[in-house]
Structure formats: C-alpha cells, structure tokens
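Work through the exercises below with the sequence and the model open. Each task is followed by a solution in steps.

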Amino acid sequence: MFPTPIHKSPPAAQIAYKVLLPVALVIWLIPLIGVAVTSLRPASDLAAGNYFGMPSSLAFGNYADVFQNSPIGWYILNSFKVTIPTVIGAVALSCLTGFALAVYGFRANLWVFFAFVAGNFIPFQILMVPVRDMTLKAGMYDTTIGLVLFHVAFQTGLCTLFMRNFIKGLPFALIESARVEGVSEWRIFRHIVLPLMRPAIAALSVLVFTFVWNDYFWATVLVQGQHAMPVTAGLYALNGQWVAAWHLVSAGSIVAALPPVLMFFLMQRHFIAGLTLGATKG
Amino acid sequence: MKTFKALAGLALSAMLMGSVAFAGEIVINSDHSDPAPKKAMEELIADFQAKNPEITVKWNNFDHEGYKASIRNFLTADPPDVVAWYAGNRMAPFVEAGLFEDVSDVWAANGFDESLKSAAASMTMDGKKWGVPYTYYQWGIYYRADIFAEQGIAPPKNWAELLAACEKLKAAGVTPFAIGTKALWPTGGWFDYMDLRVNGYEFHMDLTAGQVPYTDPRVKAVFEKWAELVKPGYYLENHAAIDWQDAIPQMVQGKAAMYLMGNFAVATMKEGGLTEEQIGFMQFPEITAGVPMAEEAPTDTFHIPSGAKNKEDAKVFLAYLASPEAQAKMNATLGQLPVNNQAAKPSDKFLDAGFTMLSNAYALAQFYDRDADAEMAKAGMEGFQEFMVKPGEVDRILERLEKVRAKVHQ
Amino acid sequence: MANAKPAGFWKRNQLKIAPWVFLAPGGIMFLIYVLIPIVQSVWISFHDWDGLGDKVWIGVANYVELLDDDTFYTALKNNVLWLVLYLLAIPMGLAVALFLNQTVFGIRLYKSLFFFPFVISQVVVGLMFTWFYAPDFGLFSQFIKWLTGTEVAILADERFVTYGIIAAGLWPQTAYCMILYLTGLNNLNPEQIEAARMDNARGLRLLWHVILPQLAPATFIAMVVTVIGALRSFDLVSIMTAGGPYGSSQVLSYFMYEQALSEYGYRMGYGAAIAVVLFLIMMVFITLFILRMIMQERNR
C-alpha cells in the first residue's frame, strides 16, 4: 500500500496526521462552509452587505421556503428518475463496449475508440438543435425518458474510455486460459471479466451519477413541464427575476447535492476490492 | 345506405369529440418564478377560470433564466397556447420567424388602442399587433433622502445641479452613484437616459433601430456628457465585478447616495434595512434644455404562438388579461404599474410617483436591450461598461460599436 | 472427440463477430445521439440561421468572419490559459489522494467530504468565489488588502479575471482527480511495492518509479477529463463574469453559447462555426493522447 500505512510510522507522525486531517478538511471546505452559512442567512443580511460575517439570525426557514416556493421534492424525484436509469444504462453499455475495445484486436478498434473519445470532447451545446429535433420527432420531448436516452448515449463515450483502459489493465492471461478451455466469449465477459470490474463500475457510477445529476443545460433543452424537470433547473427557479435569492439557492443547492455525496459514501466499500490475481499463477 | 349513415354518425361524433377536446383547455407557459409574480399569476388564472368556467388553464411555470432558452425550443417544438415575453425589438425575432400570432383583432375588438395607448407602439410591427402588455415599471434615480438632507442637497432638476450634488457628496466621502455592471444591463439604463436627455426620444429610437452610426457626433456628445460623471469617479469603484444588487449594500450603509434603477430596487433596499422615509425618488434630470422628457418603462407581455392549438380561448385570455380589473389586481401584487390607463393604480409612494411621471412622459422607451437588436445590444452594453472603466478609450469603443451596427443592419 | 460435430459458424467466427456484438448497443446510441449530430452541426456552420426560420447557405462566410473577430482571439487566448493551468488539478488531486490513502478511523467520511466540491452545483461554486473576490467585502480581497495595502478586484480587472475563474474551477476539478487517483491507488500491485521497498526505495523515489507508472491509466483519464473540463469551462464563466469585464474572460464555449443560444444571440450558424473550431482544437489533443497511449501500451 502506498504511501506507507500510517500505523507503521512513528507515533508523532500518527498524531500529526490525525490532527492535520480535520484541519485540511476545514480549509478545503471553506467555500462550502460559505454556502452553508449563506443558506442560513436571512435575505436582509445580503441586502445590508453582511456576506461573510456572522448571520444576524439563523434563518432555518430558508430551507422551508425552498420547499414551499418551488416543488423541489418533485424535482428531486425527477432527478432520480433521470439519473439512476442513466447510470445503469451508461455503465452497462460501456462495460460491453470497453470489453470489446480492450480485448479484441480488430482493425477498426482504434478508430472506433477514437470516435468514442472524440464524441465526448465536443462542446455539447452544439448538439442542442439536432438532438432536440430528434427527440421531438421520436415523441420523447418533455419526458424523463428522452433525457435519459440522451445522457446514456453521451456518457457512454467517457465511460467506454474508462472501462477500456481498466480492462486493458487486467491480466490478459485470465481470458486466454478461459479461451483455451473453450469458454464462449459471452461467458468470459460475464463470469470472468465483469466481476473484476467492480471497482471501475463503482467509481464510474458515482461519476456519471454526479454529472447527470448536476446537468442543467439538457434539462432546459429537452424538458418543459414540472412533471419531468430535474432539480438543477428547478433550483434556479428560486432566483427572482431581478433580485437573486442567493440564500435560498444556497439552501437548495445543499439539499440537491446530498444524493451524489451519499452515493459516493455508500459505494466506497466497492473501491477496496481485492483482485484474485492468484488465478494466473501456475 | 346503412354504411353511409354509420359513417356520417361516426364523422359527426368525431367532430363533436374533437371540438369538445379543443374548446376548454389552454396551456400557458411563463417565467413567473418569483414569489410575487407567481402569486399574481395564480390569482389571475383563478379569476379567469371563475369568469370563464368552460375554459381550463394548464400553467407551466419556468425559472426565469432557463425560460429565455426554453422558449426557442417550445415555440417550434410543442407550442402552448399562451406565452409570456417582452415587447419591442425583443419580440422581433419571433415575429419575423412567424412564430407569434397576429392579435390585431383582439386589440380592435376591445378598444386597446385607447386603453393600452402608452404601450401600443412597442407592441406593433408592420402595422399589426403581436401580443398584449400587462405590466410595466418605472426607472429613475432613487436616492438617500436623509443623506441629501444632511448635506443640504435638493433633488437636482438639471445637469448643472446634478454635477454640483455629486461634487458635494464626493467631498463628504460618499460615492454619488451606486452601480453594479457585471450583468451589463445597468449600463444600458444609463446610456438610454443620457441619450434621451441629450438628444431626445426620436433620435434614441433611430439609434437603437440601427439607423444612426455610432460614430455620429451626436452619439459622441452623449459620451462626453457621461464622461463628466465617470472621470471624476462619481460611480462606485470596481462596479464591473459586482451584480446590481451587490451594490445595494453600499447605499444601505450610506457609502453611496444615488442609484439609477428600476422600481424593483426599492424592495431590496428595504430588505437591507432602509426605511421608506430614507428613500427618495426623482426623475432623471434634464440635460439639453428644451428636450421633452421621455422615460424608460420596460413592458412585459403575453403572446399567442402561431402553432397554438386553441387560439380561440387564448384570445379570450388575452382580452381578460388586458382588462382594467385584471391589470389592477395583478399589478397590486406585482408592485408594478398597470398598462391599462383605466385601471386603478396601486397606492405606494414610489409607484404613485412613477405613475404620474410615466403618464406625463413624452414617450416610453423599452430599455436598450429590448429596443436595439439583440446582437447590437450585447456589443453596445459591453462598450458602455468598458467606457465606464476606461473613459479615455471612447473613440475606439465607438468604432467597434459601429462595426457591429454595420454588420447587423447591413 | 473423434466424432465431434464440426464447429458451428458462431464458434468459428466468434472472435471476429464478438467485438461488434458487444459494441452494438453502446455504439448505436452514441452514433445517433452524438456522432450524427456533430455532422449535422458542421453542416449548420455553413449556413446563416437564426434557429427559428430558414437556413441560408453561405459557405465559409462564418469562418471568415470569425477570423476577423476580436472576441474570438480573446477567447482563444483564454482557452490556452485554461488548458495549461487547469492541468494543475492533476498533481493536486494526486497529492490529496495520497494524503487520504490511509485507513484511520473515519477516513471514509473524510474522503466523501473532500469529494463534496465536485458534487455541488458549479453555479454555487462560482457564486461563492465571486463573493470571495468581491471588492470591499470579499474575504480574498480583504486578505490582499491586508497583505499589500491596495485593493484588487480580481473579477473586474482584465489582467486577473481569467486566473480568478480558473482558481475557482480548480477546486472541484481537484476533487475529481482525487477520486480517480483513489481508485488507482486501490488497484496497486502490492508485490511490486513490497519488492521496491525491499530494494530500499522510499518516498518520492518510490512514488516516481513504481507508483506513478501503475497509476498511468488514472493519470490518463485525469488528463482527458481535465482537458475536456478546461475547454468546456462554461458554467463558471457564465456565473462569475458572463465573459466580462467587457469580454476579457471570454472562452470559446461561452462565446458559442452567447452567439447561438443566449438572450442576445440568434446566430446558430456562427455559433456552430465556433463550436467546430473548438472541436478541432480538441481533436488535436485527442489525437495526441491516443497516440501516446497506444505507444505506451505497445511498449509494455
């Protein structure tokens, strides 16, 4: 394990580390603390110029206002309805595509890979009109499914890159030995490679979840009504026409940010996967 | 014969079903996401449905910023029956693309040319009417009445008095004008008023319509006058880094004394702790003697998309929206002014002053970013902001603006 | 075995067909939603179109105009700055990942919290940093005042504005790279490390010669994502300065949006041309990356 596990270091270093951790965390999170404090400020503080001082009162009511002024509960549900299928879809598809690109040496391999990577580099604003028109013609405009399909397609680009590289790092001997035994390609994928991909799947799930959860642009392009609007677009509805209600937006942002963080926290254990490298010995 | 009857029966019932499905529901898309406008809309829709029980309203409320992008999508993709938007050059792209419905008939049938007279010009293109206005608000200089009293300054009525007031304030350690130009549009308000007062309404309309080059000496004259405020440092320093509302605390704390802004600024000032007695309102002072005083009054409107399914009932809604009762009630909640000159005006010190000022105004401008072509507006306001930071570069800035104008209005 | 049936078509050609079968679902989605629209957009860039009415063919006129546009060059210059400075997120992310790669009590909570900046909406990140930098009440400008005596309004000063925005962007981006490296650190080959330790390799030398090569895949992804992020940089520019002051923090992604989709922009064709230019710039990087990656893999 790298760096040297701390419990092997002298006690002084251990204490120093244990002290440094929370200090570093606080410094790291100062902007976030700023957001949290702003979310508890009454609007009068901001209008009077009190941005960073102690709040004149703790306006917990801001959080209630957020739920009252906008159907944020509904928006959050919509965000889940869009994000979870996208994560499942994009990760599943990219497991397949990553496997194809990492394991097989067919001639067009490089070009296909290139296409996936290139397609993900584009400034996605440029896709707005063609994708909107296509979604409309398919009758999926203003639906969560329309949004899901686009996100799955778009995220597959980056996920394929990630998965392909990850699988490339796995010992090819595993696959070779399976082939020698006459195992079919699908079974190799399903029973040998896929279980080894758990850390990558976990990491990618978190990343895709976060990207799609925080997407604002496509929510405004492909969705109109409250029944399908995710929380990002709904959040900015808290801002007034003239006067930005930053204290409400801050409160709303914190609420809206909880699911991705929770997800990361829950998926962490999958990162600590032990690979069965022993299978290739002998 | 039997088949014929059956078919006829089928056709008849289909027609009936079809008409029942249409007559009855209208879909409205708008961006009234603030608490007050939201309440106003809710009341409006409730009252409308009470008066017209055979029509049901489905209302999609968007967030204010996202709406500006969304409208382009839903106008072509899946148009509702009524949309909220703005008057003047702002509605031009949609009118020119044939996406808005001509509602001159609604205006004619209800005598709106009389009751909505002040906004009629900004709703007209090619001699036809393209929507119905329901609210506007005044712009003017809001000032710290108590600081003025302290310094012995009377609200200035002309340019010389304004400069004198600024000098006095600056000497007392108070920045004369608060402003936050990060979002650019506050600079448009300043330019508009300077041009309206130096050159007059007709010239300003010609300029924003792109018929006058920005290198014209009359335009330069506006900037020369404006420089008399910029160069001595009568504006808040570093205004380009802050939004308009982040400049309010300066007024609240007494570090700045005046703010040229729309009436919505009052609510924020009060929020910051100022009392009504401390806030004064005055009309932008005269600059060139004898030029009739025109004012800025940006107008909000509703339109019918040309792709709407239920135009009949949508027109009924527009007619209701423009009625004196509906406008009075809506504007009481909005804290703004009704366009219908027969509506009862709200009783608020500032709105009252605004109403008087606007009713006596020579003419009403819609604000730079609604009067001028969109691309020109963006370039223009960037130029104004740069001028306010680097007044010495005025010639280069005007040349750049002229380049854009020539391209846009070729 | 002597009586075994001849192998079926599938079994014989499995290795040739299999990749395409695996590629099909993802590939088709990607084709429809991404690749084809790219082509469509290049097509649009040769037209003059306001997004509402008819398209008018104008050939390369949009590109000619672009070359004459001052804003384009400002945006280009800023994009270069973004590209170079944003890469700092990678070593910073590695440092944080190394710092957190211990098994003390509660480390899972720490990791989650360090990740938080990436998760919070970029609008709020931009807002907070805008207030940090703000003249008069901003914490950062007060700090500078205390340090140097004069006040500097970062976001109003055309010399510093882009650096200020990049700094804001580095905060969530570092968190992102941290995640990638944490994953990579979890997949290190313990035998190699033990072997190196027994050879007396320590600290930085161990890091450079043994760990970093194993982290190469993570570094690669980190670079890809950081470059994408740098060239995309839309949300922060939009919320912090809207391209200002007077266009000096403009970047290509925001410029494109401004021209085609914003309140004041109805020029889809021109915007598409900007996007194509941006895409071509990105293509240079993609090609370089992929070439490098292929070479590295061939040398293994």
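**Exercise 1. Find which residues make the nonpolar surface patch of about 620 Å².**

Step 1. The patch is made by A:Ile15, A:Val19, A:Val23, A:Val26, A:Ile27, A:Ile30 and A:Ile33. Patches consist of residues with over 30% relative accessible area and no salt bridge, like charges being joined within 9 Å and nonpolar side chains (Val, Leu, Ile, Met, Phe, Trp, Tyr) within 5 Å. Accessible areas come from the Shrake-Rupley method with a 1.4 Å probe, and for residues only the protein chains shown count as cover.

Step 2. In chain A, α1 (11-28) and α2 (30-39) each supply at least two residues of this patch. Helices (H or I, at least four residues) and strands (E, at least two) are DSSP runs, numbered from the N terminus. The largest share, five residues, comes from α1(A).

Step 3. A:Ile30 is found in helix α2 of chain A and is partly exposed, with a relative accessible area of 37%. Buried means under 20% relative accessible area, exposed over 50%, and partly exposed in between (1.4 Å probe, protein chains only).

The model is predicted: local features need pLDDT of at least 70, side-chain atom pairs count only at pLDDT 80 or more, and totals for chains, interfaces and linings use all residues. Residues are numbered from 1 along each chain as its sequence is written, chains are lettered from A and ligands numbered from 1 in the order in which they are written, and side-chain values use heavy atoms, with hydrogens and water left out.

**Exercise 2. Determine which residues of helix α9 of chain C are buried.**

Step 1. In this helix (residues 190-198), the buried residues are C:Ile193, C:Ala196 and C:Arg197. They are on the same side of α9(C), because they cover an arc of only 100 degrees around the axis. The arc is that of the directions from the helix axis to the C-beta atoms.

Step 2. An α-helix has 3.6 residues a turn, so residues three or four places apart point the same way.

Step 3. C:Glu191 and C:Met198 are exposed on the other side of α9(C). The cover over the buried residues includes α10 (203-214) of chain C.

Step 4. At the start of α9(C), a side-chain oxygen of C:Asn189 comes within 3.1 Å of the backbone nitrogen of C:Glu191. Just after the helix, C:Asn200 takes a positive phi of about 75 degrees.

**Exercise 3. Compare the surroundings of two salt bridges, A:Asp45 with A:Arg41 and C:Asp68 with B:Lys403.**

Step 1. A salt bridge is a side-chain nitrogen of Lys or Arg within 4 Å of a carboxyl oxygen of Asp or Glu.

Step 2. The closest N and O atoms of A:Asp45 and A:Arg41 are 3.2 Å apart. A:Asp45 is buried at 5% relative accessibility, and A:Arg41 is buried at 1%.

Step 3. C:Asp68 and B:Lys403 meet at 3.9 Å, N to O. C:Asp68 lies in the loop between α2 (61-67) and α3 (70-86) of chain C and B:Lys403 in helix α20 (residues 394-408) of chain B, so the pair joins two chains. C:Asp68 is exposed at 51%, while B:Lys403 is partly exposed at 47%.

Key:
Contact means heavy atoms within 4.5 Å. A polar contact is a pair of N or O atoms within 3.5 Å; within protein, one must be able to donate a hydrogen and the other to accept it, and residues adjacent in sequence count only if both atoms are side-chain atoms.
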